[in-house]
Structure formats: C-alpha cells, structure tokens
Amino acid sequence: MNLHPRDANYADPSLHSHGLYIGGAWLPGSGIPIVDPSTAKVIAEVPDASIEDALRAVDAAEAAAAGWRTTSPRQRAEILRRWFSLMTDHSEELAVLVSLENGKALPDARGELAYAAEFFRWYAEEAVRVPGEFRHAPSGANHILVDHDPIGISVLITPWNFPAAMATRKIGPALAAGCTVILKPASETPLTAYAMARLGAEAGVPPGVVNVLTTSKPGPVVSAMLDDPRVRKLSFTGSTGVGRILLAEAARTVVSCSMELGGNAPFLVFDDADLEAALDGAMIAKMRNAGEACTAANRFYVQAGIHDTFVAGLTKRMEALKVGPGIDPATQVGPMITTKAVSKIDRLVSEAISRGAKVRTGGSPLSGNGYFYPPTVLENVPTDAEIAHEEIFGPVAPVYRFETEEEAIRLANNTEYGLAAYVYSRDLSRALRVGRGIESGMIAINRGLMSDPAAPFGGAKQSGLGREGGVSGILEFMEPKYFAVNF
Ligand code: NAP
C-alpha cells in the first residue's frame with residue numbers, strides 16, 4: 001500500500017504494507033484506490049489480485065498447513081496472545097487507519113480496535129480448551145471417542161463496516177483451531193487488514209499461516225479458491241445477497257460455510273421501560289458506527305403509552321450529535337462509506353415520507369465533499385414501508401407505535417432476517433418472554449449492545465449460519481472425528 005504524503009503523518013509508518021501478503025512476503029501491486037469517505041479523496045492504493053495470485057495464496061496456506069496444525073495449542077495460544085498485545089500497543093494508529101478508510105468517528109474506531117484485539121486474547125485462551133468426548137456406546141460393545149481436527153485451509157471474507165473486528169473474529173478462532181487462512185477484506189477498507197497482518201508476523205505467525213489479498217474481482221477470485229479442493233472452509237461476513245451466491249458456489253466442492261449476514265434489528269420499548277435507559281440504549285444500538293452495523297436498531301417499536309415521550313427524547317439526542325470527518329476529535333457521527341450508501345438511505349427515507357412518515361429531525365443528505373447523512377428520526381412510519389424491511393445501514397431511526405405485546409412480537413418477526421433484537425422493560429419476565437418469542441440469534445435486554453468476544457454471535461433465519469465468538473466459535477474451524485474403540 002502506498003500512502004499519499006498528505007496523510008503520511010497519521011499512523012505509524014511501520015504499519016504500512018506494500019502489497020499482497022502471501023506466504024509471508026509482500027508482493028507489490030496497485031489498482032484499487034482507497035477513498036477517505038470524509039473527503040472523497042484517494043488516500044492510498046492497494047494491489048488488485050488475480051485468480052493466479054489467489055491460487056498462490058492457497059499454495060502458501062497449503063505449504064504452511066502441516067506445520068501449523070502440529071504446533072501445540074499452547075504455542076498457538078502464545079502467538080495469538082502476542083498479537084493481542086501488539087494490537088493493543090498499536091491501537092491508536094490502527095484506530096486512525098480504520099477511521100480514515102471507513103470514515104467512522106474516532107471513538108467508534110477506538111471501540112472497534114479494543115473489540116477486535118479481544119478476539120485474539122479470547123481465542124488464545126480457547127486454543128487450549130478444545131473439548132472432546134469419551135463415552136460408552138449404549139450397546140456396551142465399545143467406547144466412543146470424539147476428537148476435533150482443524151478443518152483445513154479457510155477462506156475468510158469480510159465487509160467494510162468493521163475493518164479490524166470482522167477479520168480478527170475469524171482469524172482468531174481459525175488460527176487457534178490450527179487452520180491456515182486467506183483473508184479477503186472489503187475493497188473499501190483493506191488498509192487495516194494489511195496493517196494487522198504486519199503485526200501478526202511480528203507476533204510470530206509463521207509465513208503462509210495468514211495470507212491477505214485484495215481484488216476488484218471478488219466473484220471470480222473467490223470462486224477459484226472455492227473450486228480448489230484444498231480449501232475446506234468459507235467464513236463470510238457481508239450481505240445476505242452475496243451470502244446466498246457464495247453458499248451456492250461452496251456447494252460445488254461441499255465447502256463448510258459459516259455465514260454472518262444482514263440484519264433488521266427491532267428495538268422494542270414497553271410502557272414500563274426505564275425511559276432514560278431506553279434512550280441511552282437506543283443511541284448506542286442506532287448510532288454506534290453511525291448506524292453502519294449489522295446489529296444496528298433498524299426499527300423502533302414503542303408502546304403507545306410511552307411513544308411520544310420516547311420520540312421527543314430520541315429527537316433531542318439525535319439533533320445534538322456532531323457530524324463531521326471521522327478523524328476530527330469532535331466528531332460523533334462520521335460519513336457513510338460511499339455515495340451509493342447515502343443514495344440508498346435517501347431513497348428509503350423519501351419512500352417512507354411519501355407514505356406519510358413525519359420527519360422529526362434530519363431527513364435528507366448533507367451537501368459537501370464527503371458522504372454525509374444527518375442523524376434522522378421518523379415517526380408515523382407505515383409498517384409496510386420499504387425502510388421497515390431493508391437494512392438502512394445509516395443514522396436513521398424510524399419509530400412505529402404498538403399497543404400489545406403480541407403485536408410487538410408479530411411486528412418484530414415480520415422480516416426475513418433474524419440477527420439481533422433489543423427489548424426494554426422493567427418487567428424481566430416479560431422481557432424474557434418477548435425475547436423468546438422473537439426469531440433472532442441474539443437478544444439484548446435493557447442494553448443497547450450485545451457484541452462480546454466471549455458470546456456466540458450470529459443469526460437465525462436469513463441472517464446466517466453458524467456462530468462466531470464464544471466457546472463454540474473455534475468449532476466452526478474444526479471437524480469432529482469419531483473413533484469407535486475397543487480396548
Ligand atoms: P457485501 O457487499 O456482501 O461484501 C462483503 C464482502 O464480500 C466484501 O469483501 C466483498 O468484496 C465480498 N464480495 C462481494 N461480492 C462477492 C462475490 N460475488 N463473491 C465473493 N465475495 C464477494 O457486504 P458489505 O456491503 O461489504 O457489508 C455490509 C453487509 O454486511 C450488511 O448486509 C451487514 O449487515 C453485513 N454484516 C453482517 C455482520 C454479521 O456479523 N452478521 C457483520 C457486519 C456486516 P468487495 O468489497 O471487493 O466487493
């Protein structure tokens with residue numbers, strides 16, 4: 001990667017990579033411009049890998065595989081622990097890099113870095129705790145022994161909205177399990193991935209264990225890797241649309257898939273909720289990352305008795321936020337990732353307004369060079385408006401009114417997605433009952449945030465397959481092996 005001189009003072013130059021990272025070597029190249037969404041200016045250029053480059057990365061991962069899977073779990077744990085420490089030591093430079101390429105406000109970028117590094121520490125701890133089983137067969141004829149093998153070479157594909165954390169959430173468990181990997185970060189935000197790879201090498205990750213490549217042709221390049229029978233795992237985080245395509249492609253060679261896909265999180269506030277706590281939680285669930293999060297509250301369902309006060313409180317808080325360039329220390333809400341993202345938000349908001357929604361604040365894109373959309377609150381939104389069914393991925397809070405618990409659950413479930421949901425009520429038994437009724441992989445009760453490296457992250461319905469993080473995350477990169485044993 002070549003950083004332009006204007007921007008060269010913002011991050012530790014030792015973090016800057018200079019090409020594709022394959023087999024422990026940096027292979028120079030160019031072709032993909034990286035744009036700072038705050039200014040719409042190109043800040044760097046990264047290589048554009050071909051199919052041949054990708055297959056070279058598979059060769060490198062294959063060459064490193066036998067050595068890596070036979071290191072002891074303790075050795076793998078120590079390397080991950082060192083990588084965690086290096087990420088922590090360099091967290092400020094990395095946060096600036098994330099902020100520049102993604103646009104997110106620095107506090108969000110710092111929060112992401114802390115979260116991202118934690119996956120290395122968590123999986124350093126889990127590497128030495130892989131479970132097995134030993135039982136009598138019910139017939140009494142033999143014993144059943146279940147071991148876990150590393151699944152094999154893993155292709156990891158990540159989105160632009162969390163350039164650090166989506167990568168560490170996959171690399172951590174894969175390496176802990178004994179797999180070698182090829183990471184393909186999003187074309188908009190690869191600088192952080194390359195910088196983290198550099199730190200990985202410093203932490204002692206052997207050449208070929210982690211390979212990183214960027215490409216402007218993700219379809220054919222990923223397809224070629226999936227068609228290579230040496231690749232045994234695909235771990236993807238991104239949109240449900242691309243996830244569907246990749247599931248079909250993985251079927252050709254029956255590659256194991258973990259899929260972290262889109263969301264449409266409902267945020268339910270009951271009359272008996274603690275209003276201030278619900279507003280605090282709403283701001284986190286909606287505005288972390290300026291709404292560009294798969295877990296972002298996408299639909300606010302508020303019970304009739306508290307609805308108007310909630311909307312007034314939310315509007316006041318949203319209006320008070322400072323929008324600006326991500327790296328400006330005063331900024332609370334950065335730009336969207338691209339001009340296309342702004343157009344999509346604008347389309348959804350305009351459609352809702354044309355259907356009768358009332359704008360309490362915001363409501364149209366901001367002018368200027370960067371890709372800015374203001375914090376927006378909409379009320380009286382029809383429940384069949386497009387905005388209720390598509391991911392907004394921006395700082396827009398549509399609020400809907402409901403009367404009964406049954407109605408709230410029905411509305412919450414009226415989507416093909418099932419990633420995350422939020423419930424606010426002082427009555428914990430109600431909150432749990434509602435949570436159990438919602439078809440979703442994750443439920444936050446009286447909290448605006450649920451992401452935690454120690455918890456299983458993932459979705460139901462068309463939000464995904466499998467879980468990342470937690471105790472089970474490492475098993476996504478392992479294949480159970482059963483031995484029928486006679487002593
Ligand atoms: P995306 O368009 O699906 O892209 C995700 C990744 O897939 C990028 O690296 C992209 O590469 C690559 N890609 C695109 N087309 C491909 C193809 N045909 N074959 C192989 N790879 C392909 O998603 P995004 O816009 O970057 O990210 C936003 C989406 O991610 C949202 O839907 C969000 O909800 C979801 N997300 C989910 C989670 C979760 O944990 N469930 C977390 C974060 C985000 P290029 O960048 O080169 O196009």
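Helices and strands here are DSSP runs, numbered from the N terminus; a helix has at least four residues and a strand at least two. The model itself is predicted.

Start with the pocket. The ligand sits in the largest pocket. Domain 1 (13–261 + 463–485) and domain 2 (265–452) both give residues to the shell around the ligand, so the ligand lies between them.

Now look at the elements that build this shell. Helix 5 (165–177), helix 7 (218–227), strand 11 (231–237) and helix 8 (240–251) each supply at least two residues. Helix 7 gives the largest share, 3 residues.

What is the shell made of? Its residues divide into 16 nonpolar, 10 polar and 5 charged. There are 31 residues around the ligand in total. Arg169, Ser187, Ser239, Leu261 and Glu391 come nearest.

Ser187 places a polar side-chain atom 2.5 Å from an oxygen atom of the ligand. Glu391 also has a polar side-chain atom 2.5 Å from a ligand oxygen atom. For Trp160, the distance from a polar side-chain atom to an oxygen atom of the ligand is 3.0 Å.

How much of the ligand does the protein bury? Taken alone, the ligand exposes 900 Å². The protein buries 86% of that.

How values were computed. Residues are numbered from 1 along each chain as its sequence is written. This is a predicted model: local features need pLDDT of at least 70, side-chain atom pairs count only at pLDDT 80 or more; totals for chains, interfaces and linings use all residues. Side-chain values use heavy atoms; hydrogens and water are left out. A residue is near a molecule or strand if one of its heavy atoms lies within 4 Å of it. A polar contact is a pair of N or O atoms within 3.5 Å; within protein, one must be able to donate a hydrogen and the other to accept it, and residues adjacent in sequence count only if both atoms are side-chain atoms. Accessible areas come from the Shrake-Rupley method with a 1.4 Å probe; for residues, only the protein chains shown count as cover. On a 1 Å grid over the protein atoms alone, a cavity is a set of points where a 1.4 Å probe fits but cannot get out, and a pocket is an open set with protein on both sides within 12 Å along at least five of seven lines; lining residues have an atom within 4 Å of a point. A molecule sits in a cavity or pocket if more than half of its atoms lie within 2 Å of its grid points. Ala, Val, Leu, Ile, Met, Phe, Trp, Tyr, Cys and Pro count as nonpolar, Asp, Glu, Lys and Arg as charged, and the others, Gly among them, as polar. Domain bounds come from an automatic or database domain assignment.
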